[in-house]
Amino acid sequence: MKRSRINQVIKDMESLIKAHGFEMPPFACWTPEDWHSTGHEYDEIRDNKLGWDITDFGLGRFDEIGFSLFTIRNGNLKMPEKYKKTYAEKLLMLYEGQTAAMHFHVSKMEDIINRGGNDVYITVYNGTPDEKMLDTDVVVCSDGKTESVPAGTKVCLHPGQSITITPYMYHDFIVPETGGPVLLGEVSMCNDDDNDNFFYNKEIGRFPEIEEDEEAYRLLCNEYPNPD
């Protein structure tokens with residue numbers, strides 16, 4: 001992705017967050033210069049990849065398949081003694097007509113909440129430890145209701161509604177072609193993007209390659225400088 005596109009996406013997500021009255025933590029608006037003046041007192045942000053995360057899944061088609069995220073809080077499965085949080089929280093944005101790639105998690109259970117804007121559809125399948133996709137009915141829990149739905153069902157979340165994504169449940173995100181972007185919340189167990197995302201399409205990667213066509217507006221969560 002071009003840095004200019006990443007910068008614009010972050011600005012769009014900031015505007016959407018503000019429009020829905022969600023207050024962000026202070027480090028959400030830090031500039032690259034701010035990051036160069038922070039020390040080890042902010043290692044929790046660096047170590048746990050808190051902050052901005054914009055991805056095209058390595059496909060180069062962000063407007064079609066992409067995701068914009070901000071991790072507000074997270075634990076760390078690699079350093080549980082240092083970081084004792086067993087939970088994570090994120091905000092996510094998808095533009096109208098945008099999708100996020102089909103995947104599942106092994107360790108993480110999460111609730112996805114529509115915080116406002118457009119509807120979002122989440123396609124669900126059961127998966128297996130060897131990453132196969134099954135055609136069996138899927139148990140879906142949504143705002144206190146539990147039901148079985150056929151494999152491949154697109155569960156629609158209107159603003160305010162949520163769905164629980166259990167381990168090995170394949171899921172994607174689809175936003176209608178009209179109606180504007182959607183702001184989503186994620187409340188989950190600890191998040192480990194390096195080891196706990198299993199994509200159905202094996203060509204997909206988690207973080208994009210960046211073409212530096214302009215200066216960064218905000219640093220992404222995998223770009224923080226080491227204070228040493």
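Student: In this predicted model, is Cys141 buried, exposed or partly exposed?

Tutor: Cys141 is partly exposed, because its relative accessible area is 30%, and that value falls between the limits of under 20% for buried and over 50% for exposed.

Student: How many disulfides are there by the distance rule?

Tutor: A disulfide is a covalent bond between the sulfur atoms of two cysteines. In this model the count is zero. For Cys141, the closest cysteine sulfur belongs to Cys156 and lies 18 Å away, which is too far for a bond. Cys190 is likewise in no disulfide, since the nearest cysteine sulfur, that of Cys221, is 15 Å away. With a relative accessible area of 9%, Cys190 is buried.

Student: How should I read the sheet, and in what order do its strands stand?

Tutor: Strands of a sheet pair through backbone hydrogen bonds, and the pairing may be parallel or antiparallel. Here five strands form an open sheet in the order β9-β6-β11-β4-β13, with antiparallel pairing. The edges are taken by β9 (153-157) and β13 (198-199), each of which has a single partner strand, so that one side of each is left without a neighbour in the sheet.

Student: How many bridges join β4 to β13, and which residue is the bridge partner of His103?

Tutor: Strand β4, made up of residues 99-104, is joined to β13 by two bridges, and the two strands run antiparallel. The bridge partner of His103 is Phe199, in β13.

Student: Where is Ser68 placed, and is Ser68 buried or exposed?

Tutor: Ser68 belongs to strand β2, which spans residues 67-73, and Ser68 counts as buried because its relative accessibility is 0%. Setting aside residues up to four places away in sequence, Ser68 touches Val9, Met13, Asp53, Ile54, Phe62, Leu91, Leu92 and Met93.

Student: What does the side chain of Asn7 make a polar contact with, and which residues is Asn7 in contact with beyond its sequence neighbours?

Tutor: Asn7 lies in helix α1, residues 3-19, and is buried, with a relative accessible area of 2%. The side chain of Asn7 makes a polar contact with the side chain of Glu214 at 2.8 Å, and the Asn7 side chain also reaches the backbone oxygen of Glu215 at 2.8 Å. Leaving aside neighbours within four places in sequence, Asn7 is in contact with Glu214, Glu215, Ala216, Tyr217 and Arg218.

Notes:
Residues numbered from 1 in each chain as written. Predicted model: local features only at pLDDT ≥ 70, side-chain atom pairs only at ≥ 80, totals over all residues. Heavy atoms only, no water. Helix = DSSP H or I, 4+ residues; strand = E, 2+ residues; numbered from the N terminus. Buried < 20%, exposed > 50% of the residue type's maximum accessible area, 1.4 Å probe, protein only. Contact = heavy atoms within 4.5 Å. Pairing = 2+ DSSP bridges. Disulfide = S-S within 2.5 Å. Polar contact = N/O pair within 3.5 Å; in protein donor to acceptor, adjacent residues only side chain to side chain.
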